[in-house]
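This report goes through one structure in short sections. Look at the sequence and the model first, then read on.

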Amino acid sequence: MDKNQQGIQYMQEGKYEEAVKIFSEAIEENPNEPVAYINFGNVLTAVGETAKAESFYKKALELDEEAGAAYYSLGNLYFETDKLIEAKDMFEKALRTGLDTSDAYFMLGMTLMQLDQGKLAMPYLQRTVELNPEDVDARFQYALCLANAELYDELIKELEIVIEQNPEHADAYYNLGVAFGGYKEDAVKAIEYFDKALAAQPDHMLAAHGKKLMETLNEE
């Protein structure tokens, strides 16, 4: 196991001091190799030293401007510190270098969602689901994009997969209730989904309101 692999293992075990020590050694031995700088930056990010981490990621990019992992790590750092425009730029650059991972597509999609650019986010979240069909969070976020675009048949299909993967996903049941109540105009089915949302999360105020509204419409 080389020093970078050893350091990553220490990080996974929460042994940050040991990780710092071994990544420092890796940098000393190969000062022109960007990987150790990226890994060192990841340790610093993990312990909240974001300013120092940023400088290590940028050093990695000085050494290799095609280091997709450095752009991705910088994107995460900016996302966590609410620098969303900068985060978007970094994730886009990561993808342009060929970093074809579900995490990279997901984070770009989420950043665009935070920037209220749901239509732009949709293809990235769709790609995330294609690369990692078991990612429930990504599929749900993709479903929200479909809802924003009023693509209700596709929305229902994706949400049904979400609740199949996670039968306790209250927000998925709630959004199914909204889809059936509004788009399908099926109050009975909508109430059924709102009830399931409330069973999964009894304090789900939106589901409670939706159910009450559907019951009122049913009585009319």
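## Salt bridges

E192 and K196 form a salt bridge, with their closest N and O atoms 3.7 Å apart. A salt bridge here is a side-chain nitrogen of Lys or Arg within 4 Å of a carboxyl oxygen of Asp or Glu. Both residues lie in helix α12, four residues apart, about one turn of the helix. Helices (H or I, at least four residues) are DSSP runs, numbered from the N terminus. E192 is partly exposed, with a relative accessible area of 33%, and K196 is partly exposed at 36%. Buried means under 20% relative accessible area, exposed over 50%, and partly exposed in between (1.4 Å probe, protein chains only). The structure holds 15 salt bridges.

E25 has a salt bridge with K3, with 3.1 Å between the closest N and O atoms. Because E25 lies in helix α2 and K3 in helix α1, the pair ties together parts that are 22 residues apart in sequence. K184 and D153 also meet in a salt bridge (3.3 Å, N to O). K184 is in the loop between α11 and α12 and D153 is in helix α10, so this pair ties together parts that are 31 residues apart in sequence.

## How the model was read

This is a predicted model, in which local features need pLDDT of at least 70 and side-chain atom pairs count only at pLDDT 80 or more, while totals for chains, interfaces and linings use all residues. Residues are numbered from 1 along each chain as its sequence is written, and side-chain values use heavy atoms, with hydrogens and water left out.

## Helix α11

Helix α11 covers residues 170-183. Its 14 residues should span 20 Å at 1.5 Å a residue, and its end C-alpha atoms are 20 Å apart, which agrees. The expected span is 1.5 Å times one less than the number of residues.

Ten of the 14 residues of α11 are buried, so the helix is largely enclosed by the rest of the structure. Among them are Y173, Y174, L176 and F180. The buried residues pack against α9 (136-148), α10 (152-165), α12 (187-200) and α13 (205-219). Just after α11, E185 takes a positive phi of about 50°.

## The nonpolar core

In soluble globular proteins, nonpolar side chains tend to be buried together. A nonpolar core is a set of buried Ala, Val, Leu, Ile, Met, Phe, Trp, Tyr and Cys residues joined through side-chain atoms within 4.5 Å. The largest one has 69 residues, of which F23, F79, F91, L125, L159 and L176 touch the most other members. Helix α7 (residues 102-114) gives the most to this core, with eight residues.

Leaving aside neighbours within four places in sequence, L159 is in contact with F140, A143, A172, N175 and L176. Contact means heavy atoms within 4.5 Å.

D135 is found in the loop between α8 (118-131) and α9. D135 is buried yet has no salt bridge, and the nearest side chain of opposite charge, R139, is 8.2 Å away. For charge, Lys and Arg count as positive and Asp and Glu as negative, while His and the chain ends are not counted. The side chain of D135 reaches the backbone nitrogen of A138 at 3.0 Å.

S73 lies in helix α5 (residues 68-80). S73 counts as buried, at 10% relative accessibility. Not counting residues up to four places away in sequence, S73 touches I38, N42 and Y57.

Methods
Helices (H or I, at least four residues) and strands (E, at least two) are DSSP runs, numbered from the N terminus. A polar contact is a pair of N or O atoms within 3.5 Å; within protein, one must be able to donate a hydrogen and the other to accept it, and residues adjacent in sequence count only if both atoms are side-chain atoms.
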